Amino acid sequence: SMQRVLITGGASGIGLATARWFADRGARIVIGYFEEWHRSDAESQLPAHTVFLRADLRKPDEIRELVERAVTELG
């Protein structure tokens with residue numbers, strides 16, 4: 001079965017490396033990110049079907065919305 005992954009902080013650093021690892025194995029990925037400039041860099045390194053959702057993980061409401069949107073996107 002296809003892997004489905006939500007990675008917070010996935011637009012840079014260790015999170016982006018993790019996203020690339022899953023992408024190389026065919027996973028469907030949702031990236032939670034905060035900084036727009038990280039997103040644009042990550043988009044060039046990940047498959048076109050990767051979904052990027054902005055969220056401030058210091059805010060519980062945004063965490064909840066990120067997870068709910070990821071479930072919707074990933075099924």
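**Faces, strands and ring pairs in a predicted model**

Strand E1 (residues 4–8) shows a covered face, formed by Val-5 and Ile-7, and an uncovered face, formed by Arg-4, Leu-6 and Thr-8. This is a predicted model in which local features need pLDDT of at least 70 and side-chain atom pairs count only at pLDDT 80 or more, while totals for chains, interfaces and linings use all residues. Residues are numbered from 1 along each chain as its sequence is written, and side-chain values use heavy atoms, with hydrogens and water left out.

Colleague: What makes the pair of Trp-21 and Phe-22 edge-to-face?

Modeller: Rings of Phe, Tyr and Trp (its six-membered ring) pair if their centres lie within 6.5 Å; planes under 30 degrees apart count as stacked, over 60 as edge-to-face and the rest as tilted. The centres of Trp-21 and Phe-22 are 5.0 Å apart and the planes stand at 90°, so the pair is edge-to-face.

Colleague: Why is Phe-22 called buried?

Modeller: Buried means under 20% relative accessible area, exposed over 50%, and partly exposed in between (1.4 Å probe, protein chains only). Phe-22 has 18%, and therefore counts as buried. Trp-21, at 43%, is partly exposed.

Colleague: How do you know that Tyr-33 and Phe-52 form an aromatic pair?

Modeller: Their rings lie 6.3 Å apart, centre to centre, with 70° between the planes, and this pair is edge-to-face. Tyr-33 belongs to strand E2 (residues 28–33) and Phe-52 to strand E3 (residues 51–54), so the pair ties together parts 19 residues apart in sequence. Strands are DSSP runs (E, at least two residues), numbered from the N terminus. Tyr-33 is buried at 5% relative accessibility, and Phe-52 is buried at 10%.

Conventions
Helix = DSSP H or I, 4+ residues; strand = E, 2+ residues; numbered from the N terminus.
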